[in-house]
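I opened my notebook to look up a few things in one structure.

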Amino acid sequence: MPDADDAPWYRRLGPGFITGAADDDPSGIATYAQAGAQSGTSMLWTLLLTLPLMIAIQLVSARLGRVSGSGVVANIRRHHSPWLAYAFVALVTLANVINVGADIAAMGDSIRLLLGGSTALYACGFAVVSLVLQVWMPYRRYARYLQWVALSLLAYVATAFVVKVDWAQALHDTVVPKMRWSKDYVMTLIAVFGTTISPYLFVWQAAGEVEETRLADGEQPLKKAPWQAEAQLARIRLDTTVGMAVSALIAFCIMLTGAYALHTHGVTQIETCAQAAEALKPVAGRFAQMLFALGVVGTGLLAVPVLAGSAAYAAAEAFRWRRSLEDRPARAPKFYLFLALVMLMGTGMVFLPVEPFKLLYWAAVLNGLAATPVMVMLQLMSRRKTVMGPFRSSPALHGTAWVATICMCASTLLFLALAVLGD
């Protein structure tokens with residue numbers, strides 16, 4: 001294996017890149033498309049604002065995994081309370097089950113739009129394929145597969161260039177915030193923030209760093225091998241920054257497509273990915289519709305395993321089960337059983353008489369409830385010497401991550417207040 005400093009930059013991408021790409025899952029696509037359809041380009045600034053916050057909180061998570069050799073939930077159990085770990089697992093699992101259901105339903109709906117047939121049948125097929133890959137493909141091969149699937153995100157870059165865009169206006173609205181004080185605008189604003197920062201992303205990236213450390217020859221947690229810190233922390237910075245930048249770029253392209261292909265043509269309400277793809281056809285052509293729909297399938301194939309896998313890692317860390325996607329099911333039976341259960345329950349959501357948008361609404365609430373206390377605990381652990389040794393977060397990283405934590409807390413409280421007040 002080449003030295004981390006000598007490898008080309010793209011060979012140094014790993015858990016951070018996969019995490020960033022998985023952030024643009026079908027439910028996120030629906031959120032960004034709705035933001036563009038509803039508000040035009042006036043919400044593009046939110047993606048520039050959230051980018052440094054995403055980078056900071058994911059850097060904290062990745063560093064925790066690489067330095068301590070344990071994931072987020074394992075560290076919460078060890079350094080805070082087992083009951084806090086159990087509560088987090090319950091919330092993140094429920095939110096992930098809902099997200100898995102919404103995502104595979106969106107994938108099935110997108111294929112139905114292109115080929116006809118049954119949404120439920122396609123959704124079940126995607127669920128089976130995803131579960132088989134997670135169970136039978138070793139982590140190293142699986143991680144490479146996820147990196148290649150991430151290329152499907154380029155479909156949204158292509159879609160943005162198929163649509164006629166006023167780039168001067170778009171760039172202006174990206175750097176100059178344009179607020180509208182209406183309930184719909186604020187709710188969409190909160191949804192965008194909650195989509196970009198989700199607790200399953202913390203769990204997955206930290207677990208990925210633990211897996212990479214365990215599988216790489218000669219590598220150990222940095223507390224035990226501080227001489228490896230310079231190369232590994234530099235790799236984590238590159239990996240995480242690129243991953244989150246890709247996530248923000250794709251979100252930008254989706255929102256831009258919604259603004260110029262939908263909003264400017266009077267389409268202001270989008271509740272599913274299939275609706276967004278279908279609305280594109282009369283204004284941007286069949287090619288744009290096909291690109292958008294196929295992008296949903298590609299991002300779903302990337303995000304669903306991350307959602308199910310992060311729930312399984314969280315539960316295994318909380319209950320101290322053997323856990324690794326590199327192991328065969330016989331060696332980590334509880335881990336894989338939990339993963340399969342999440343996939344099964346998520347698939348079952350497809351058959352409920354509930355609109356996908358409603359599912360995503362409650363997933364957003366649960367993600368917000370789970371994310372805020374975990375982000376607080378992450379900040380406390382990132383500066384604790386017993387956890388991080390000499391590799392505690394710098395004041396700049398710590399401060400930026402606290403800003404992300406405060407913003408998440410404020411958005412969750414505002415979301416709940418608006419939900420309670422109703423119309």
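The entries below go from the whole chain to single residues.

**Entry 1: the whole chain**

I note that this is a predicted model. I counted the secondary structure to begin. How many helices and strands does the chain have? There are 18 helices and zero strands.

Next I looked up burial. Of the 423 residues in the chain, 60% are buried. I also looked up the surface. The chain exposes about 16,900 Å². Carbon and sulfur atoms supply 66% of that area.

Residues 24 or more positions apart account for 82% of them.

**Entry 2: nonpolar cores**

A general point for my notes: in soluble globular proteins, nonpolar side chains tend to be buried together.

I looked up the largest nonpolar core. It has 86 residues. Which of its members touch the most other members? They are Ile197, Phe202 and Leu378. Helix 14 gives the largest share of this core, with 13 residues.

I then followed Ile197. I left aside its neighbours within four places in sequence. Ile197 is in contact with Leu53, Met54, Ile57, Phe202, Met375, Ala404 and Met408.

Another core lies apart from the largest one. This other core has 37 residues, among them Leu113, Tyr156, Val163 and Tyr185.

**Entry 3: helix 4**

I checked helix 4, which covers residues 72-79. Is helix 4 largely enclosed or open, and why? Six of its eight residues are buried, so helix 4 is largely enclosed by the rest of the structure. The buried ones are Val72, Val73, Ala74, Asn75, Ile76 and Arg77. I note that Asn75 and Arg77 are on that list.

**Entry 4: aromatic pairs**

I looked for pairs of aromatic rings, with centres within 6.5 Å. The count comes to seven aromatic pairs.

I took Trp204 and Tyr313. Their ring centres are 6.1 Å apart. Their planes meet at 75 degrees, which is over 60, so the pair is edge-to-face. Trp204 lies in helix 11 (residues 199-215), and Tyr313 lies in helix 14 (residues 286-319). The pair therefore ties together parts that are 109 residues apart in sequence. Both Trp204 and Tyr313 are buried.

I then took Trp321 and Phe338. Their ring centres are 6.1 Å apart and their planes stand at 55 degrees, so this pair is tilted. Trp321 is in the loop between helix 14 and helix 15, while Phe338 is in helix 15 (333-349). This pair therefore ties together parts that are 17 residues apart in sequence. Phe338 has 17% relative accessibility, so Phe338 counts as buried.

Which residues do ring pairs link into a cluster? They are Trp83, Tyr86, Phe319, Trp321 and Phe338.

**Entry 5: the loop between helix 14 and helix 15**

I stayed with this loop. Arg320 lies in it. Arg320 has a positive phi of about 60 degrees although it is not a glycine. Is Arg320 buried or exposed? Its relative accessibility is 62%, so Arg320 counts as exposed.

Arg323 lies in this loop too. Arg323 is partly exposed, with a relative accessible area of 28%. I compared Arg323 with Lys334. They are 11 residues apart in sequence. In space they are 8.3 Å apart, C-alpha to C-alpha.

**Entry 6: a surface patch**

I went back to the surface. Which residues form a nonpolar patch there? They are Val162, Phe287, Met290 and Leu294. Together they have about 330 Å² of accessible area. Helix 14 gives the largest share of the patch, three residues.

Leu294 is in helix 14. Leu294 is partly exposed, with a relative accessible area of 42%.

**Entry 7: His398**

His398 is in helix 18 (residues 395-421). Its relative accessibility is 17%, so His398 counts as buried. I left aside its neighbours within four places in sequence. His398 is in contact with Gln379, Ser382, Arg383 and Ser393.

Terms used:
Residues are numbered from 1 along each chain as its sequence is written. This is a predicted model: local features need pLDDT of at least 70, side-chain atom pairs count only at pLDDT 80 or more; totals for chains, interfaces and linings use all residues. Side-chain values use heavy atoms; hydrogens and water are left out. Rings of Phe, Tyr and Trp (its six-membered ring) pair if their centres lie within 6.5 Å; planes under 30 degrees apart count as stacked, over 60 as edge-to-face and the rest as tilted. Helices (H or I, at least four residues) and strands (E, at least two) are DSSP runs, numbered from the N terminus. Buried means under 20% relative accessible area, exposed over 50%, partly exposed in between (1.4 Å probe, protein chains only). Patches are made of residues with over 30% relative accessible area and no salt bridge: like charges are joined within 9 Å, nonpolar side chains (Val, Leu, Ile, Met, Phe, Trp, Tyr) within 5 Å. Accessible areas come from the Shrake-Rupley method with a 1.4 Å probe; for residues, only the protein chains shown count as cover. A salt bridge is a side-chain nitrogen of Lys or Arg within 4 Å of a carboxyl oxygen of Asp or Glu. Contact means heavy atoms within 4.5 Å. A nonpolar core is a set of buried Ala, Val, Leu, Ile, Met, Phe, Trp, Tyr and Cys residues joined through side-chain atoms within 4.5 Å.
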